Amino acid sequence: MAPACSPTNSLHVAVIGAGAAGLAAARELRRESHSVIIFERGTQVGGLWVYTPQTEPDPLSLDPNRTVVHSSVYDSLRTNLPRECMGYRDFPFVPRNDDASRDPRRYPSHREVLAYLQNFAREFNLEEMVRFETEVVCVEPEGQKWKIQSKSSDGIFKDEIFDSVVVCNGHYTEPRIAHVPGIDSWPGKQIHSHNYRVPDPFKDEVVVVIGNFASGSDISRDITGVAKEVHIASRSNPSETYQKLLGSNNLWLHSMIESARKDGSIIFQNGKVVQADTIVHCTGYKYHFPFLNTNGYITVEDNCVGPLYKHVFPPALAPTLSFIGLPWMTLQFFMFELQSKWVAAVLSGRVMLPSEDKMMEDVTAFYAKRDANKLPKRYTHKLGECQVDYLNWIADQVGAPPVEHWRAKEVHGGYLRLATQSDTFRDKWDDDHLILEAYEDFLRQKLI
């Protein structure tokens, strides 16, 4: 039986994580007159955008008992989307000309994103709701409510009861590792991009990077400045792929790895063989909720978290358990804000969810459509081309305006450039008219 909430009272709500999703959730919940506590195991707001040179002792992050480092940010990282389209709707992510230390670029560094989130938290007095250095150990139903066990930095455990829990713990901490036949006998080093920070350790090495999406492309080009050779293996490439990439004399693109051998060689599906020193897995992450106990109702299978209505509410536990920020290839902070408005309004009783049966029917139909389109289960939460329709649906639920024309066009063009010109997309674009439209919109609303 799902814990229930009163449609007339403000609720006592726990938010897990003080990153971009948790901050948005806390603000919207408080706007709906709920009382909020944010649990944050770090020492500051920002979540994954808090850079640290520290990495995990296990470079592949496979040891379940390892000391976990939350951030996966590398030193050279810049955003994948234009700043003006990824920010919260009523707090635009625009350059701060009053501070010379800030990064004014359209695709700024991770440090600029963190500064933006810190500004957002200050503007809306969100830090007063955060318990820093407090790890959530267990979340489980307790009658019609939820019990949270947390642990402070000095090792003190504490049990508390909440009316509702909003999970905002991010999904860039638990790495996915590529399966490479023969890897167990291969003598070289392996690392996941979660533990990559700077290129220096790869000086004069022959490096194989598995994966050619955002982090794979970034890291391979980062490493070319110090490595002897860099070879990118990508399963999305045809098996005969072998190409020296323009603009570099030591970077090659291949099809996927066929096998690794104990003599140190890596064999690609295109037949090419290299003697490699290191493999870097830029292969993404797993959704991971080690603290969540729902007696098996919520599962993560091949990176599909379910069952979830619209990626947010588990039907049998709705509305008092929800997830913010699971979909990827999205408008990021903008999506977090809209999802949070929906959760907050549902909890206050201002917006109603369908019945549990109706929500499950929707989930089942969504899975059937995914399977009919022959999409792998791991792509369940990939929105891509569907994201504007998804966001407009949520906006309609809460009475918010639809996604702006310029924002929809920017995100579509941004991901297209990312896919087709990965080496230049952050500094060359052809949509200045959309930037103008965005800033005119901000000025019209007196947001800047």
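## The second largest pocket

By class, the residues lining the second largest pocket are 11 nonpolar, 5 polar and 7 charged. The model is predicted. The lining holds 23 residues. Nearest the centre of this pocket lie His311, Phe366, Lys369, Leu383 and Cys386. Two elements, α6 (356-372) and α7 (387-398), each give two or more residues to the lining. The most comes from α6, with 6 residues.

How much space lies in the second largest pocket? About 690 Å³. Rolling a probe the size of a water molecule over the atoms shows where empty space is left.

Glu28 sits in helix α1, which spans residues 20-31. Its relative accessibility is 4%, so Glu28 counts as buried. Setting aside neighbours within four places in sequence, Glu28 is in contact with Glu337, Ser340, Lys341 and Ala344.

Asp218 belongs to helix α4, residues 214-224. Is Asp218 buried or exposed? Its relative accessibility is 14%, under the 20% limit, so Asp218 counts as buried. Beyond residues up to four places away in sequence, Asp218 touches Tyr74 and Arg426.

## Ile16 in strand β1

Ile16 is part of strand β1, residues 12-16. With a relative accessible area of 5%, Ile16 is buried. Which residues does Ile16 touch, not counting those up to four places away in sequence? They are Phe39, Val136, Val139, Val165, Val166, Val167, Cys168, Asn169 and Phe291.

Ile16 and Gly211 are 195 residues apart in sequence. Their C-alpha atoms are 30 Å apart in space.

## Gln149 in strand β5

Strand β5 covers residues 145-152 and includes Gln149. At 25% relative accessibility, Gln149 counts as partly exposed. Leaving out neighbours within four places in sequence, the contacts of Gln149 are Glu135, Val136, Val137, Cys138, Phe157, Lys158 and Asp159.

With Asp159 there is a polar contact, side chain to side chain, at 3.3 Å. Ile161 comes 12 residues from Gln149 along the chain. The C-alpha atoms of Gln149 and Ile161 are separated by 9.0 Å.

How many disulfides does the structure hold? The count is 0. A disulfide is a covalent bond between the sulfur atoms of two cysteines.

The cut-off for a disulfide is 2.5 Å between sulfur atoms. Cys282 is buried, with a relative accessible area of 9%.

## Cis peptide bonds

Two cis bonds deserve a look. The peptide bond from Gly306 to Pro307 is cis, with omega near -5°. Pro307 is in the loop between β20 (304-306) and β21 (321-323).

The peptide bond from Ala318 to Pro319 is also cis. Here omega is near 0°. Pro319 is found in the loop between β20 and β21.

Glu133 is not a glycine, yet its phi is positive, near 50°. Glu133 lies in the loop between β3 (130-131) and β4 (134-142). Its relative accessible area is 38%, so Glu133 is partly exposed.

Gln332 is not a glycine either, and its phi is positive at about 50°. The loop that holds Gln332 runs between β21 and α5 (333-348). Gln332 is partly exposed, with a relative accessible area of 23%.

Note on methods: Residues numbered from 1 in each chain as written. Predicted model: local features only at pLDDT ≥ 70, side-chain atom pairs only at ≥ 80, totals over all residues. Heavy atoms only, no water. Helix = DSSP H or I, 4+ residues; strand = E, 2+ residues; numbered from the N terminus. Buried < 20%, exposed > 50% of the residue type's maximum accessible area, 1.4 Å probe, protein only. Contact = heavy atoms within 4.5 Å. 1 Å grid on protein atoms, 1.4 Å probe; cavity = no way out; pocket = protein on both sides within 12 Å on 5 of 7 lines; lining within 4 Å. Points joined across faces, edges and corners; volume = space filled by probe spheres on them. Nonpolar A, V, L, I, M, F, W, Y, C, P; charged D, E, K, R; others polar. Polar contact = N/O pair within 3.5 Å; in protein donor to acceptor, adjacent residues only side chain to side chain.
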